[in-house]
Amino acid sequence: MILAQDGGAGGASFMPILMIGLLFGVMYFMMIRPQQKRRKEAEQMQSSIGPGDEVVTIGGLYGTVASIDDETVMLEVSPGVHERYARPAIARVVPKTDDTIAAESTVPDEVPTKD
């Protein structure tokens with residue numbers, strides 16, 4: 001017969017199932033797990049910001065947090081200029097340097113005026 005099958009196979013091979021499982025395992029550890037970790041870190045950072053923190057938005061705008069509520073953040077981008085952003089729009093918190101900490105502790109209460 002021309003259409004006779006090979007009798008050597010005998011049963012189902014587990015190799016394709018093993019390869020598919022291995023592919024899903026690699027996809028999980030290379031793509032899904034790192035993305036979940038980044039999302040968790042971003043949520044933790046956004047929940048820890050408070051008034052006085054200097055932040056950068058996803059658009060690259062630097063500002064100081066003036067007030068914050070559950071869904072929005074009010075940033076002071078320059079003296080007297082306040083803008084409202086969604087909390088997820090905060091990309092990162094700018095770390096305070098030693099110069100910034102020293103300057104904050106020595107800032108006078110009133111700015112001297114020229115006479």
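Visitor: How many residues lie between β2 and β3 in their hairpin?
Guide: Three residues lie between β2 and β3 there. Strands here are DSSP runs of E with at least two residues, helices are runs of H or I with at least four, and both are numbered from the N terminus.

Visitor: Before we go on, what kind of model is this?
Guide: This is a predicted model, where local features need pLDDT of at least 70 and side-chain atom pairs count only at pLDDT 80 or more, while totals for chains, interfaces and linings use all residues. Residues are numbered from 1 along each chain as its sequence is written, and side-chain values use heavy atoms, with hydrogens and water left out.

Visitor: Which loop holds Glu71?
Guide: The loop between β2 (62-68) and β3 (72-78) holds Glu71.

Visitor: And is Glu71 buried or exposed?
Guide: Glu71 counts as exposed because its relative accessible area is 64%. The cut-offs are under 20% for buried, over 50% for exposed, and partly exposed in between, using a 1.4 Å probe and protein chains only.

Visitor: What does Glu71 touch?
Guide: Leaving out residues up to four places away in sequence, Glu71 touches Tyr85, Ala86 and Arg87. A contact means heavy atoms within 4.5 Å. The C-alpha atoms of Glu71 and Arg87 are separated by 5.7 Å, although the two residues are 16 residues apart along the chain.

Visitor: Zooming out, what order do the five strands of the sheet take?
Guide: The order is β4-β3-β2-β1-β5 in an open sheet, with antiparallel pairing. β4 (81-86) and β5 (90-93) are the edge strands, so called because each pairs on one side only. From one strand to the next, the twist averages 45°; the axes behind such angles are lines fitted to C-alpha atoms (for helices, over the stretch in contact), and angles run from 0 to 180 degrees between N-to-C directions.

Visitor: How many bridges do β3 and β4 pair over?
Guide: β3 and β4 pair over six bridges in the antiparallel sense. To find your way, Leu75 stands opposite Glu83 in β4.

Visitor: And how many bridges join β1 to β2?
Guide: Three bridges join β1 (residues 54-57) to β2, again antiparallel. Glu54 stands opposite Thr64 in β2, and Val55 stands opposite Gly63. β1 and β2 also make a hairpin with four residues between them, and Gly60 in the turn has a positive phi of about 95°.

Visitor: What about β1 to β5, how many bridges there?
Guide: Three bridges join β1 to β5, and those strands run antiparallel. Val56 stands opposite Arg92 in β5.

Visitor: Thr57, buried or exposed?
Guide: Thr57 is buried because its relative accessible area is 6%. Thr57 lies in strand β1, and beyond its sequence neighbours up to four places away, Thr57 touches Leu75, Tyr85, Ala89, Ile90 and Ala91.

Visitor: Which residues make up the largest nonpolar core?
Guide: The largest nonpolar core has seven: Met45, Ile49, Val55, Val65, Val73, Leu75 and Ile90. Such a core is a set of buried Ala, Val, Leu, Ile, Met, Phe, Trp, Tyr and Cys residues joined through side-chain atoms within 4.5 Å. In soluble globular proteins, nonpolar side chains tend to be buried together. Outside the four places either side of Val73, its contacts include Ile49, Val65 and Ile90.

Visitor: How many aromatic pairs turn up in the whole structure?
Guide: One aromatic pair turns up. Tyr28 and Phe29 form that edge-to-face pair, 5.1 Å centre to centre with 80° between the planes. Rings of Phe, Tyr and Trp (its six-membered ring) pair if their centres lie within 6.5 Å; planes under 30 degrees apart are stacked, over 60 edge-to-face, and the rest tilted.

Visitor: Why does Phe29 count as exposed?
Guide: Phe29 counts as exposed because its relative accessibility is 52%. Tyr28, at 35%, counts as partly exposed.

Visitor: Last one: what percentage of the protein chain counts as buried?
Guide: Of its 115 residues, 13% count as buried. The elements run α-β-β-β-β-β-α from the N terminus on.

Methods. Pairing = 2+ DSSP bridges.
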